[in-house]
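Notebook open. I want to look up helix packing, strand pairing and pockets in this one.

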Amino acid sequence: MAKDVKPTRKNLMEIEDRIELSERGHGTLEKKRDGLIMEFMDILDKAQDVRGDLADDYDQAQRKINMARAMEGDVAVRGAAAALQEHPEITTESKNIMGVVVPQIESSRVSKNLSERGYGIMGTSARIDEAAEAYEDLLESIILAAEVETAMKKMLREIETTKRRVNALEFKLLPDLYNSQEYIEQKLEEQEREETFRLKKIKEKKEQEEKEAREAEADEDEIEEEDMEPPAAGGVPGN
């Protein structure tokens, strides 16, 4: 890239402006990358907790439903599930974390009391109630896990994108700009030395010419003085 740039002062100023802008951008992106990593680590810790809770809730729900099926039969369990009148509702919003838009999931009508589940209290057993409650807890964990996992994936993608930009500036663009700056500065210094040398030679030549002109003028004056000198006394005697 360096040798493709014409070594002029205008180009040098433009490259210096680009270097200043790129260095500021590099610093800003580094701060953003570090901030995103810190936020991501917080979300990752939360995700690990959510995953653990989700696994526990799933195991608990499986145990409860298996117990209900074993004690009450599949028909009773399916009948209780079909009696549900109000289904859970989920709404999604968004929030901004270091410039990354992540979802925020809100749920309602997930956890219900006995009267809201639709089946008759007298027609079911405590085992079906426990299974229903366990699956409500499981659904809450699934919703929370979906929110956290989506946020974590979006944050990770943004971190990778920011890291690529930082690396492109640090290892490609800025080195190329520095090389171009150094190349132009060296060429300008060479041009200045050549111009100084040329001016020096011109000055020496002019001084030599002036010296020669003065010497020539002095020689002419000397000749004129010799021509103007009167003849010596005691010339040729008369008749």
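My entries on those topics follow.

**Ground rules.** I'm working on a predicted model, where local features need pLDDT of at least 70, side-chain atom pairs count only at pLDDT 80 or more, and totals for chains, interfaces and linings use all residues. Residues are numbered from 1 along each chain as its sequence is written, and side-chain values use heavy atoms, with hydrogens and water left out.

**Helix pair.** I looked up helix α1 (residues 9-72) against helix α2 (residues 74-82): their axes come within 6 Å and cross at roughly 120°. Helices here are DSSP runs of H or I with at least four residues, and strands are runs of E with at least two, numbered from the N terminus. Axes are lines fitted to C-alpha atoms, for helices over the stretch in contact, with angles from 0 to 180 degrees between N-to-C directions. So α1 and α2 are oblique to each other (under 35 degrees is roughly parallel, over 145 roughly antiparallel, 65 to 115 roughly perpendicular, the rest oblique). On the α1 side, I find Ile65, Ala68, Arg69 and Glu72 making the contact; α2 brings Asp74, Ala76 and Val77 (contact means heavy atoms within 4.5 Å).

Next I checked strands β1 (residues 89-97) and β2 (residues 100-108), which run antiparallel and are joined by 9 bridges (strands pair if DSSP finds at least two bridges between them). Ile97 has Val100 as its bridge partner in β2, and Glu93 has Gln104. The two strands form a hairpin with 2 residues between them, and Met98 in the turn has a positive phi of about 55°.

I get about 490 Å³ of space in the largest pocket. A pocket is an open set of points on a 1 Å grid where a 1.4 Å probe fits, with protein on both sides within 12 Å along at least five of seven lines; lining residues have an atom within 4 Å of a point. Of its 20 lining residues, Ala80, Ala81, Ala131, Ala132 and Tyr135 are closest to the centre. Helix α3 gives the largest share of the lining, 6 residues.

Conventions. Points joined across faces, edges and corners; volume = space filled by probe spheres on them.
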